[in-house]
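User: I would like to learn how to read side-chain pairing, strand pairing and confidence in a model like this one. Could you take me through the features one at a time?

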Amino acid sequence: MPSARRWTRLPASSYEVAGEGPRRAFLDGIAPLDAVHYLTETRARLLFQFARRDEFIQPWDAELAQLATRERAPLVQWYDCDHWMNDEAVGARGDWLLREL
């Protein structure tokens, strides 16, 4: 769940080619949708899985998610992989879902 500010550091893409004005408008438009704004409102148990070599989610974004839910004591797991996770993370997620649902 990358924050909107994270998208400002991605390599050149279609919205960056459009110029700073449209890019800024896009970032401002999606900022209210950032999941960190809603984490405190959910009553569900939470599992956060983060990748140490994530191309999109920076450690401070992961920390923001954890801070937003610290009173709820989410389960936090870190994996030595990229954003798309690995078999270990996928298996752990499935196990967690089976226990929680």
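Analyst: Let us begin with a definition: a salt bridge is a side-chain nitrogen of Lys or Arg within 4 Å of a carboxyl oxygen of Asp or Glu. The general idea is that side chains of opposite charge can pair when their charged atoms come close. In this structure, E100 and R45 form a salt bridge through their side chains, at 2.9 Å from N to O. This pair links distant parts of the chain, with E100 in helix α4 (residues 87-100) and R45 in the loop between α2 and β1 (47-51), 55 residues apart. Helices (H or I, at least four residues) and strands (E, at least two) are DSSP runs, numbered from the N terminus.

User: What kind of model is this, and what do the values leave out?

Analyst: This is a predicted model, in which local features need pLDDT of at least 70 and side-chain atom pairs count only at pLDDT 80 or more, while totals for chains, interfaces and linings use all residues. Residues are numbered from 1 along each chain as its sequence is written, and side-chain values use heavy atoms, with hydrogens and water left out.

User: How many salt bridges does the rule give, and how exposed are E100 and R45?

Analyst: The rule gives 3 salt bridges. For exposure, buried means under 20% relative accessible area, exposed over 50%, and partly exposed in between (1.4 Å probe, protein chains only). E100 is partly exposed at 29%, whereas R45 is exposed at 60%.

A second salt bridge joins the side chains of R53 and D80, at 3.3 Å from N to O. R53 lies in the loop between β1 and α3 (59-68) and D80 in the loop between β2 (75-79) and α4, so this pair ties together parts that are 27 residues apart in sequence. R53 is partly exposed at 49%, and D80 is exposed at 53%.

User: Where in the chain do D28 and R24 sit relative to one another?

Analyst: They are 4 residues apart in helix α2 (residues 20-30), and are therefore separated by about one helical turn.

User: Which way do β1 and β2 run, and which residue stands opposite F50?

Analyst: Two strands pair if DSSP finds at least two bridges between them. Here β1 and β2 run parallel and are joined by 5 bridges, with F50 opposite W78 in β2.

User: Is Q49 buried or exposed, and what does its side chain reach?

Analyst: Q49 lies in strand β1 and is buried, with a relative accessible area of 13%. A polar contact is a pair of N or O atoms within 3.5 Å; within protein, one must be able to donate a hydrogen and the other to accept it, and residues adjacent in sequence count only if both atoms are side-chain atoms. The Q49 side chain reaches the backbone oxygen of A89 at 2.9 Å and makes a polar contact with the side chain of R93 at 2.7 Å.

User: Where is confidence lowest, and where is it highest?

Analyst: The term pLDDT is the predictor's confidence in each residue, from 0 to 100. The protein chain has a mean pLDDT of 83, with 81% of its residues at 70 or more. Confidence is lowest in helix α1 (residues 14-17), at a mean of 48, and highest in α4, at 97.
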